[in-house]
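Hi everyone, thanks for making time this morning. Let me put the model up on the screen, and then we'll walk through some of its side chains together.

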Amino acid sequence: MAAAYQSHPEIADALAMKRRGLTLALLTFTYFFSYMDRQILAILLERIKADLLLTDTQLGLLSGLVFAIFYATLGIPVARLADRTSRRNIIAASLTIWSAMTALCGLAQNFTQLMLFRIGVGIGEAGSSPPSHSIIADLYPPEKRASAMAVYSLGVVLGAGFGTLIGGVVAHSYGWRIAMMTVGLPGIVLAVLVRLFMVEPRRGLSDVARAVAAPMPSVGQGFASMWASAPARHLVVGVTLTSMIGYALTGWGPSYIQRSLGISMLDISRYIALPGALFGAVSALAGGKIADMLARRHGLHVQAWVVLAMKGLSLPFALAFYLIDAPVIAIGSYFVSLIFANSYLGPSFALIQHLAPLQIRAIWAAITLLVINLVGLGLGPTMVGWLSDLLKPGFGEDSLRYALIIIVLMTPWALFHYWRAGVLLKRAEDVAR
């Protein structure tokens with residue numbers, strides 16, 4: 001593709017735009033496999049706990065910090081490479097690595113072995129999202145970017161949902177080890193398709209006015225430029241806190257449903273996972289569409305306030321899920337919360353990519369994901385496991401319920417930062433007029 005740009009740039013650009021739907025689909029499927037391989041652990045936690053004799057704290061580490069440290073920190077050097085070389089090739093190689101490591105998790109005989117394979121999954125997945133964000137930003141202009149990012153974010157909700165569905169059904173019949181292999185191995189086939197059919201667009205293709213020649217900034221300059229942007233700072237804090245809450249709830253949700261609501265792993269997979277994934281998908285798509293529609297009328301700042309409104313509507317239903325003992329009402333509240341809960345993904349990442357300098361879009365994405373995953377993914381599930389063990393003497397099997405309630409109650413903190421980001425973006429737009 002690089003040679004094509006040098007010799008016939010207009011033809012290469014036309015091909016990239018013509019096939020951007022296919023590229024977005026491949027990126028979304030890659031993200032789907034990423035989350036399916038990452039989140040399958042949630043539905044298998046109770047089986048793994050019984051088989052390997054683990055504590056909730058150890059399970060929380062496997063779901064959170066152990067995975068997140070490598071996933072987050074390696075994202076920076078991978079993003080640096082992605083801003084210089086083929087993003088498509090990086091994504092294909094990364095997909096191969098994490099898929100193989102997920103399958104190997106099924107061979108683990110103790111905590112240490114499972115931890116090492118989970119680290120391998122984290123190392124592989126580090127190479128997926130930063131270059132994907134960068135490619136999407138190059139293929140879609142600002143007024144369509146939130147919708148494109150929302151389509152990409154379907155990988156989160158559908159991957160988590162189908163990971164629960166497939167993992168629970170397979171584990172019920174064949175055990176948790178075969179479930180790991182079942183979701184891991186097909187990703188290697190997808191990696192081949194990504195390498196063969198994904199288009200590598202020219203950097204800045206959809207931002208022609210901003211695509212000026214300039215030296216490649218350093219990673220340090222990437223951090224400095226993001227820190228210097230007050231709206232970006234608030235967006236990163238907001239999306240990090242929101243992700244921490246989300247990772248904690250999705251990572252421990254199936255265990256909570258089994259322990260406190262008395263619903264079996266198989267029934268969760270059959271009757272809750274797929275509807276939950278569909279509600280989450282509607283939320284993600286609607287969030288992006290609404291954000292783009294309102295941004296065209298009122299300016300990009302309103303996208304931050306869309307997240308504020310949607311997450312605010314989700315909060316009471318999320319609390320009801322953990323406070324109500326009646327399974328039918330509790331699960332109904334959970335589904336309603338999902339209609340609003342995943343709306344933050346598309347607008348958050350689109351705004352951050354809009355604010356990022358063209359030459360370091362992948363670096364900004366990696367910095368965002370570094371913070372999200374070290375704090376959000378690293379601390380969220382780990383904190384719940386620690387709190388559950390801490391509260392167990394007083395609350396017994398309900399200790400997990402109260403640990404999750406504590407996490408949900410952090411939502412207003414995240415909402416403040418989305419409100420503030422919208423205020424700062426609006427000021428900048430008013431000055432630019």
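Let's start with a term we'll need throughout: buried means under 20% relative accessible area, exposed means over 50%, and partly exposed is in between, with a 1.4 Å probe and protein chains only. Please keep in mind that this is a predicted model: local features need pLDDT of at least 70, side-chain atom pairs count only at pLDDT 80 or more, and totals for chains, interfaces and linings use all residues. Residues are numbered from 1 along each chain as its sequence is written, and side-chain values use heavy atoms, with hydrogens and water left out.

Charged pairs come first. Side chains of opposite charge can pair when their charged atoms come close. The rule here for a salt bridge is a side-chain nitrogen of Lys or Arg within 4 Å of a carboxyl oxygen of Asp or Glu. How many salt bridges does this rule give? The count comes to 12.

Take R401 and D325, whose side chains meet in a salt bridge at 2.7 Å, N to O. This pair links distant parts of the chain: R401 is in helix α20 (residues 399-408), while D325 is in the loop between α16 and α17 (327-341), 76 residues apart. A quick word on naming: helices (H or I, at least four residues) and strands (E, at least two) are DSSP runs, numbered from the N terminus. Is D325 buried or exposed? D325 has a relative accessible area of 53%, so it is exposed. R401, at 4%, is buried.

Next, R38 and E125 form a salt bridge, again given N to O, at 2.9 Å. R38 belongs to helix α3 (residues 20-52) and E125 to helix α8 (residues 111-125), so this pair ties together parts that are 87 residues apart in sequence. Here R38 is buried, with a relative accessible area of 3%, and E125 counts as buried at 0%. R38 also lies over the face of Y71, at 4.6 Å from the ring centre. For that, a charge sits over a ring if NZ of Lys or CZ of Arg is within 6 Å of the ring centre and within 35 degrees of the ring normal. R233 lies over the face of W227 too, at 5.0 Å from the ring centre.

Then there is D13 with R202, a salt bridge whose closest N and O atoms are 2.9 Å apart. D13 sits in helix α2 (residues 9-18) and R202 in the loop between α12 and α13 (219-228), 189 residues apart. D13 counts as buried at 14% relative accessibility, whereas R202 is partly exposed at 27%.

Now the rings. A pair of aromatic rings is described by the distance of the centres and the angle of the planes. Rings of Phe, Tyr and Trp (its six-membered ring) pair if their centres lie within 6.5 Å; planes under 30 degrees apart count as stacked, over 60 as edge-to-face and the rest as tilted. A search of the whole structure finds 14 aromatic pairs. One of them is Y256 with F321, edge-to-face, 5.3 Å centre to centre and with 85 degrees between the planes. Y256 is in helix α14 (residues 230-260) and F321 in helix α16 (residues 302-323), so the pair ties together parts that are 65 residues apart in sequence. Both of these residues are buried. F321 also pairs with Y322: the ring centres are 4.6 Å apart and the planes are at 55 degrees, so that pair is tilted. Y322 counts as buried, at 3% relative accessibility. Which residues form one aromatic cluster? They are Y256, F279, F321, Y322, Y334 and F335.

Let's finish on the surface. Patches are made of residues with over 30% relative accessible area and no salt bridge, with like charges joined within 9 Å and nonpolar side chains (Val, Leu, Ile, Met, Phe, Trp, Tyr) within 5 Å. L22, V189, V192, L193, L196 and F197 form a nonpolar surface patch, with about 540 Å² of accessible area together; such areas come from the Shrake-Rupley method with a 1.4 Å probe, and for residues only the protein chains shown count as cover. Helix α12 (residues 186-197) brings the largest share, 5 residues. F197 lies in that helix and counts as partly exposed at 41% relative accessibility.
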